[in-house]
Amino acid sequence: MQIEFRSAREIHISGYVNAVERDSRVLPAVMNPSAQSDFVECVAAGAFRRAIERNPNVRMLFNHGRQIGSTKGGELKLTEDNIGLRAEATITDNEVVNAAKRGELRGWSFGFSGARDKWGTLREGIAHRTLEDFDLYEVSILTKTPAYFGTSVELRGEDTQIRETRAQDDTPEITNTEISSDCRGTTPARGFFTKQIELLKLKGEVL
């Protein structure tokens, strides 16, 4: 997760929500009603891409609760590449911006339902689940300590559709592109001018 402070009230967050073709840690059986024992899980390549194509309005939430943006609204952009599901998010929500300033953001999570999966067994005898297709309905930015072994399984509505969430550790990398002055545009930072003056002094061109 890369966090860029663009102003006092706006941050840009980018990174991978989850990788494809990579096994998770061992998940407890309660994470999926079809599991008869603890299992390992991976997302098949292309599953995120198909899910994004089917849903033009994936919501962006804060800690799986309050909505802070969406793909339809333009605050969130999701793509799948050869690594996994990549997110680009522009956030102006005060609570999230302040959490970023305090260094509290910890990673990403995604919520899905309608999973089409394939089960097998690893050499160690552990059950293995491959998520071949699913419906992606949200991604979350977390302050809670995430782990890919997941956060919840729940039933929603009368259709008893199973909704699952999975989270992943992602150490934040922070950059600050905010210019402290009131100038706008491409004005160089103050340090740039200081270095130029010092160089001219060495050359004897300024006193």
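Mentor: The phi angle of Glu-21 is near 55°, a positive value in a residue that is not glycine. Glu-21 sits in the loop between β2 and β3 (39–43). Strands here are DSSP runs of E with at least two residues, helices are runs of H or I with at least four, and both are numbered from the N terminus.

Some ground rules. This is a predicted model, so local features need pLDDT of at least 70 and side-chain atom pairs count only at pLDDT 80 or more, while totals for chains, interfaces and linings use all residues. Residues are numbered from 1 along each chain as its sequence is written, and side-chain values use heavy atoms, with hydrogens and water left out.

Strand β2 covers residues 10–19 and pairs with β7 (residues 84–91) in the antiparallel sense, over 8 bridges. Two strands pair if DSSP finds at least two bridges between them. Within that pairing, Ile-11 stands opposite Ile-91 of β7.

Now widen the view. β2 belongs to an open sheet of 5 strands, ordered β6-β7-β2-β1-β12, with mixed pairing.

Arg-49 lies in α1. Arg-49 is partly exposed, at 39% relative accessible area. Its C-alpha atom is 8.1 Å from that of Leu-85, 36 residues away along the chain. The other residue is Phe-48. Both Phe-48 and Phe-134 are buried.

That brings in the rings. Rings of Phe, Tyr and Trp (its six-membered ring) pair if their centres lie within 6.5 Å; planes under 30 degrees apart are stacked, over 60 edge-to-face, the rest tilted. By this rule the count comes to 6 aromatic pairs. Phe-48 and Phe-134 make an edge-to-face pair, 5.4 Å centre to centre with 80° between the planes. The pair links distant parts of the chain, since Phe-48 is in α1 and Phe-134 in strand β9, 86 residues apart. Ring pairs also join Phe-48, Phe-110, Phe-112 and Phe-134 into a cluster.

Beyond its neighbours within four places in sequence, Phe-134 is in contact with residues including Val-43, Ala-47, Ala-51 and Arg-54. Contact means heavy atoms within 4.5 Å.

Next, the core. A nonpolar core is a set of buried Ala, Val, Leu, Ile, Met, Phe, Trp, Tyr and Cys residues joined through side-chain atoms within 4.5 Å. The largest one has 34 residues, of which Ile-13, Ile-91, Leu-105, Phe-134 and Ile-141 touch the most other members. Strand β9 (residues 127–142) gives the most to this core, with 5 residues. Apart from it lies another core of 5 residues, among them Leu-27, Met-31, Phe-39 and Ala-127.

Not counting residues up to four places away in sequence, Gly-120 touches Ile-126, Ala-127 and His-128. Gly-120 is in strand β8 (residues 107–121). With 32% relative accessibility, Gly-120 counts as partly exposed.

β9 has a parallel partner too. Strand β4 (residues 59–62) joins β9 through 4 bridges. Met-60 stands opposite Val-139 in β9. β4 also pairs with β5 (residues 66–70), in the antiparallel sense over 4 bridges.

Asn-63 is in the loop between β4 and β5. That hairpin has 3 residues between its strands, and Asn-63 takes a positive phi near 55°.

Key
Buried means under 20% relative accessible area, exposed over 50%, partly exposed in between (1.4 Å probe, protein chains only).
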